[in-house]
Structures are given as structure tokens and as C-alpha cells.
Amino acid sequence: MADYGMKVSLPGYDVHTATPEQCAIHSGYRSPLIDGDPGESLNTSSPKHFGSGVVIFNSNPPSGVSTTLFTVTHNLGYVPFALVNANYYSFPTPTFEYKGTLPLYVTGSTLNFYTECTATTFSLKVYYNAAYGSLTGERLEFFYQLFSSNGA
Amino acid sequence: MGSHGIKLSRPGNDVLTAADAQLAFSSSWPTLKIAHQGLYSVNKASDTVLYTHGLGYVPMFLFFKVTSGVSTGWNPGGTIQASSTNIKFFTNGGVGTQDYYIIVFRLPLLQNFTASIVDRPLEQLSDYDNNYGIKVAVDGADVSSTDLRDFVIHSRALTPNIHIVSSGTPNVTPGTYGAGTSKWTVAHGLDYTPFTLCYYNGGANDVSNKPGYYQILQSSFGGASAWRMNFDSTNCTFDEDWTLLGGGGPTSTVSLVLLKEPFDLVGFGMPSYVVAYG
């Protein structure tokens with residue numbers, strides 16, 4: 001830390017001697033922030049930079065290619081990064097659900113959910129191959145956090 | 001929080017009554033601090049150290065595959081793992097070069113931490129009011145900047161709040177998936193499903209194991225999988241199917257990182273979207 005700045009230690013640690021790991025915040029290190037109100041200065045029609053959602057598959061995406069399922073236009077002017085937790089529900093017999101941080105992969109790479117960030121958008125995408133079987137009736141729940149921090 | 005400390009509510013929430021997930025910051029738990037971020041090009045045919053962090057512990061990290069200015073969360077064509085000294089790419093026999101963007105945080109994956117809980121219902125976030133608030137710029141940055149990359153905290157912004165870091169070897173048998181599996185369980189104490197990240201080292205049962213290195217769980221699903229994570233409104237778990245791996249018991253070491261942020265915002269009045277495909 002420079003000769004000036006701000007740090008707040010966690011309970012039980014002396015702020016004078018606390019390491020960055022023992023601090024709640026430390027001005028020597030930037031945090032990955034999520035713009036809580038991008039509509040204030042950016043577009044207002046796009047989904048916000050954080051939120052949850054569900055994709056309901058009423059039909060299959062094109063086979064053998066990637067398809068965009070959900071998009072946030074962020075207009076940050078640089079490529080950011082995003083974190084997504086997802087819960088995939090499949091309804092063949094037996095029904096199963098699978099949870100994790102994207103990307104989620106199917107054995108054999110026939111169904112993959114992943115994120116993509118460009119200088120203008122964040123997208124939730126799926127790579128689908130018909131060898132997986134039908135997606136009709138299945139769904140993907142997700143929670144995303146798009147950070148105002150470089151991801152490329 | 002004890003009898004003293006600092007907390008900052010997100011826009012529209014009374015700091016005196018805000019629930020954990022409505023706080024932009026609290027001195028009761030750490031925010032994520034970026035130790036390093038950068039772009040690295042690797043020859044996919046060989047193991048390559050991407051960054052020597054020198055932190056002395058295994059840090060939380062993220063990576064993204066970068067192609068022509070597009071950043072994707074996608075299988076790297078190998079694995080990218082962290083040890084107590086560096087971040088390293090391990091080949092799986094790929095060819096050619098590939099760029100990866102890595103982000104390293106000052107958060108030890110193997111040092112357990114549990115934050116206190118302010119158990120209150122979540123309510124609607126209100127719009128940002130720039131007439132009040134607090135912002136702390138990172139060293140060397142101008143506090144009047146409009147670029148959120150220049151800040152440690154900013155009351156217009158949200159930042160992940162660490163609820164729990166829990167590491168260990170699966171110790172409950174059988175695990176979620178029956179005989180021949182074991183699991184590591186974290187009871188998080190929240191009334192909702194928290195956003196969860198999972199890092200693991202497969203140990204002796206993993207034929208591709210890199211001793212001392214941890215990777216982000218990006219396992220397969222559909223059919224059997226050797227390692228799986230799960231999270232709900234009570235527990236977050238990691239399962240090792242050691243029978244599938246040909247072992248006689250669990251050998252993995254896992255670190256589960258639970259954030260205060262709820263996985264499912266429906267019912268909490270925060271942004272939620274329904275996409276009907278097809």
C-alpha cells in the first residue's frame with residue numbers, strides 16, 4: 001500500500017498489521033465490481049449486469065453449432081468477464097439435474113453451456129449436437145454476474 | 001459483525017436493516033481482491049507456467065479462453081491450475097497456440113473462513129442515487145473516475161461477498177450418488193441457495209493429477225462423473241465417485257467458495273429473466 005489509502009481489517013485482526021487477505025477491503029487491490037445500475041449512464045433496454053434467469057427449451061437448437069440463449073449489452077468498451085452458476089434440468093427417465101459454474105459439459109461434448117464476452121455484449125451460449133438427444137422440455141436456470149473488469 | 005465495524009448497503013437499502021446480500025461491503029467478511037490479471041499465450045503441446053504469483057498459498061483464480069478479442073468460459077484444451085507458487089497450463093496433447101486471460105485473487109483456497117450472517121429477508125433493490133454514497137479508489141486512481149475498474153468499492157456497484165471458504169477431503173460415505181462415492185458438505189446457514197465455486201485436486205485416484213495444483217471444477221454431466229458439485233438452500237457439496245475412478249476411497253481435496261449472492265433471485269425482487277427458446 002502507498003503512503004495513503006484505506007483498509008478495513010476483518011474481525012480479530014489489527015488493521016495496522018493485517019495482510020490483504022485479513023482485510024475486508026484494501027485500497028491496494030481493486031475488486032471486481034458489478035455495475036448496479038448501468039441504466040444510469042448506459043442503455044436501459046438490456047438486462048442488468050447481474051440477475052437470474054431460466055431458459056426453457058421448446059425445441060432443439062441447431063445441431064453442430066453454438067447458439068446464443070441470453071444476451072446483455074454492456075457497452076463497457078472493453079471485454080469484461082462474467083461468472084455464471086447454472087442448474088440444468090433434464091427430463092428423460094430418470095430425471096436429473098446438474099449444478100455448477102459454467103461451462104457445463106456433457107460427456108462426449110454433445111451439449112455444452114458456456115459464457116462469451118465481447119467488447120459490447122455478454123452472452124450465455126449453448127453448443128448442441130443432435131447426438132445428445134432432444135432438449136425439448138428441458139431447462140437451464142442460471143445466475144450471472146458481469147464484472148466491470150477486464151476479461152481479455 | 002461484532003460491536004464495531006463498517007458496512008455499506010447497496011442502493012435503496014437501509015444499512016441498518018439490510019440483509020447480507022444487500023450489502024455492497026461489510027467488514028465482517030472479505031471482498032474479492034484482484035492480485036493479478038493478464039493475457040498469456042501458450043503452446044498447447046507443452047506444460048507452461050503462466051504466472052508466478054508468489055503468494056505462498058493456493059489462490060482462487062479464474063481463466064478465460066481468448067480468441068480474436070472474444071473471451072469465453074470454455075474448456076482450455078488442457079487444464080489451467082493453481083499451486084502455492086504459480087498458475088500453470090497442463091497440456092492434454094493439444095496442438096497450436098492459444099491465449100488465456102487469467103485473474104488471480106488474494107483469497108487462500110485452503111484456509112477456511114466463515115462469515116457471520118445477518119438473517120433478514122431480501123427486498124427490492126432501488127435505483128442508484130448519485131447524490132450520496134461512498135467510493136474508494138484503488139491506489140493511484142482518481143476517485144472522480146467513472147470507470148469502475150479504478151475502484152475497490154463503489155456504492156453504485158456490487159461486489160462478490162465471501163460467505164464461506166471450506167476445504168477438505170470428502171468424508172461422508174456414501175455420498176450423494178450412492179455406494180462408492182463420498183462427499184464434502186458445507187452447511188451454509190443461509191435461507192437461500194448461494195452462488196458457489198468449486199476447486200479441487202483429484203489426488204491419487206486421478207490419473208491426471210498434478211500434485212499441489214487445484215483446478216476449477218468443470219466436470220461433465222449426463223451419466224457418471226468422477227467429481228460433482230451441488231448447492232441448495234441448506235448445503236453445498238462436492239462428491240467424488242472413487243469407484244468410477246478405480247480407487248478404494250476418496251483422495252480428492254476440495255475447496256468450496258460460497259458467496260453471499262443468491263443463486264436464485266426470483267422472489268427477492270431482483271432482476272430475473274425468462275427465455276423461451278424455440
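Predicted model: local features only at pLDDT ≥ 70, side-chain atom pairs only at ≥ 80, totals over all residues.
1. Some ground rules. Residues count from 1 along each chain as its sequence is written, and chains are lettered from A in the order in which they are written. Local features need pLDDT of at least 70 and side-chain atom pairs pLDDT 80 or more, while totals for chains, interfaces and linings use all residues, and side-chain values use heavy atoms, without hydrogens and water.

2. The interface. Chain A brings 85 residues to the contact and chain B brings 84, where contact means heavy atoms within 4.5 Å. About 7,200 Å² is buried between the two chains, with 62% from carbon and sulfur atoms; buried area is the accessible area (1.4 Å probe) lost by two parts on being put together, summed over both.

3. Charged pairs. Two salt bridges link chain B and chain A (a side-chain nitrogen of Lys or Arg within 4 Å of a carboxyl oxygen of Asp or Glu). Asp35(A) forms a salt bridge with Arg156(B), with the closest N and O atoms 2.8 Å apart.

4. Strand β9 (residues 111-117) of chain A pairs with strand β6 (residues 70-73) of chain B in the antiparallel sense, over three bridges. Strands are DSSP runs (E, at least two residues), numbered from the N terminus, and two of them pair if DSSP finds at least two bridges between them. Within this pairing, Glu116(A) stands opposite Thr72(B).

5. A residue to look at. Thr118(A) lies in the loop between β9 and β10 (121-128) of chain A. Leaving aside residues up to four places away in sequence, Thr118(A) touches His74(A), Tyr78(A), Val79(A), Pro80(A), Gly69(B) and Val70(B).

How values were computed. Helix = DSSP H or I, 4+ residues; strand = E, 2+ residues; numbered from the N terminus.
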